[in-house]
Amino acid sequence: MAVREIQTVKSLRLVRGMLTGSVGLVPTMGYLHEGHLSLIQAARRENDSVIVTIFVNPTQFGPNEDLSRYPRDRERDFSLLDEAGVDLVFIPSVDEIYPKGFSSSIDLGPITQRLEGASRPGHFQGVATIVAKLFNLTQPDRAYFGQKDAQQCAVIRKLVSDLNFSLELRFEPTVRESDGLAMSSRNFYLSPEERQAAVAISRALFRAKECYDGGLRQAETLRRMVRDEIGREPLAKLEYASLADALELEEIERQNDGQIEREAVLSLACRFGRTRLIDNIVLG
Ligand code: AMP
């Protein structure tokens, strides 16, 4: 059966009301790839119905970011969703989500101001607000997100906990290209040279993880390894390299003499020309 496309809040409410059994939600911005499909497969395995949302959320983009040129291919998206056995696709317009007079914004505090939040002020307010709206609209039993966006996972965990959403969160592993580059809709922007150079990101993370697995526990040494590895790639411009605790994403610095003791996330943001990519790896 073809996937059912829904564009308005009103029809979503109607159709959601008719679903019986458990519902899994997979929020996306479209231009789907294997990473998105792995979330959908997980949702399929664990729920009676799967709802995917496609919405390029303007409030999570800064004024100089790529909102207007964010890649879109709705025909291809729909055929992938069909194949994946998705029941409903909610693909609203911006006006449907943010009608005239809309002014709310959810601020989850310090966790939204570090790392991606520091580079992209307001980003996580936009993310938290749209995700809360999607939770309310789709009433899922489970919602699926990618570990690729590690800070987003931490922010959504806090959203669910602080605002008492009644659902289970699932964070799925990062799906990578065969050379290690994390799949991302934004990889589409890379020139062939930049695409080749971008493998420096996963190389840096994997090398640091090898050292961690070999017993290295000094946070700053691991961060420096990432900086040095990325520094060797002329097309790469590192924005930050972070080694932070997995829950709050606070930098591991003065605590424990800068030694890693609990699960930690090594993450980075890096530019190749106009394209900004992020990736991370869990240590521990
Ligand atoms: P996006 O469309 O980029 O907003 O991503 C939608 C969801 O897919 C988010 O939860 C992302 O973390 C997740 N995602 C994006 N890339 C990957 C990937 N390479 N592997 C697994 N999940 C991913």
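Predicted model: local features only at pLDDT ≥ 70, side-chain atom pairs only at ≥ 80, totals over all residues.

User: How far from an oxygen atom of the ligand are the polar side-chain atoms of His 36 and Asp 149?

Analyst: Both residues are listed with the closest ones around the ligand. A polar side-chain atom of His 36 lies 2.8 Å from a ligand oxygen. For Asp 149, the distance from a polar side-chain atom to an oxygen atom of the ligand is 2.6 Å.

User: What percentage of the ligand's exposed area does the protein bury?

Analyst: Start with the ligand taken alone, which exposes 490 Å². Of that area, the protein buries 92%.

User: How many residues surround the ligand, and which element gives the largest share of the shell?

Analyst: The ligand is surrounded by 17 residues, with Met 29, Val 175 and Met 183 among the closest. By class, eight of the shell residues are nonpolar, seven are polar and two are charged. At least two shell residues come from each of β2 (23–28), α2 (34–46) and β5 (142–146). The largest share, three residues, is supplied by α2.

User: What share of the contacts in the chain with a separation of 6 or more is between residues 24 or more positions apart?

Analyst: For the overall picture, the C-alpha trace spans about 55 × 40 × 40 Å along its principal axes, and 54% of the 284 residues are buried. Among contacts with a separation of 6 or more, the share from residues 24 or more positions apart is 73%.

User: Is Ile 201 buried or exposed?

Analyst: Ile 201 sits in helix α9, residues 199–213. Beyond its sequence neighbours within four places, the contacts of Ile 201 include Leu 268, Phe 272 and Asp 279. Ile 230 is another contact, with its C-alpha 6.7 Å from that of Ile 201 although 29 residues separate them in sequence. The relative accessibility of Ile 201 is 2%, so this residue counts as buried.

User: Which side chain makes a polar contact with the side chain of Asp 279?

Analyst: Asp 279 belongs to strand β9, residues 275–283. Its relative accessibility is 2%, so Asp 279 counts as buried. Residues touching Asp 279 include Ala 182, Ile 201 and Ser 202. At 2.8 Å, its side chain makes a polar contact with the side chain of Arg 176.

User: Where is Asn 164, and is Asn 164 buried or exposed?

Analyst: Asn 164 lies in the loop between α7 (150–162) and β6 (168–172). Its phi is positive, about 55 degrees, although Asn 164 is not a glycine. Its relative accessible area is 65%, and the cut-off for exposed is over 50%, so Asn 164 is exposed.

User: Which loop holds Tyr 31?

Analyst: Most residues other than glycine have a negative phi. Tyr 31 has a positive phi near 55 degrees and is a residue other than glycine. Its place is the loop between β2 and α2.

User: How far apart are the C-alpha atoms of Val 9 and Ile 97?

Analyst: Val 9 is in helix α1, residues 9–18, and with 18% relative accessibility Val 9 counts as buried. Leaving aside neighbours within four places in sequence, Val 9 is in contact with Phe 90, Glu 96 and Leu 137. Val 9 and Ile 97 are 88 residues apart along the chain, and their C-alpha atoms are separated by 7.9 Å.

Terms used:
Residues numbered from 1 in each chain as written. Heavy atoms only, no water. Near = heavy atom within 4 Å. Polar contact = N/O pair within 3.5 Å; in protein donor to acceptor, adjacent residues only side chain to side chain. Areas by Shrake-Rupley, 256 points an atom, 1.4 Å probe, with all protein chains shown as cover. Helix = DSSP H or I, 4+ residues; strand = E, 2+ residues; numbered from the N terminus. Nonpolar A, V, L, I, M, F, W, Y, C, P; charged D, E, K, R; others polar. Buried < 20%, exposed > 50% of the residue type's maximum accessible area, 1.4 Å probe, protein only. Contact = heavy atoms within 4.5 Å.
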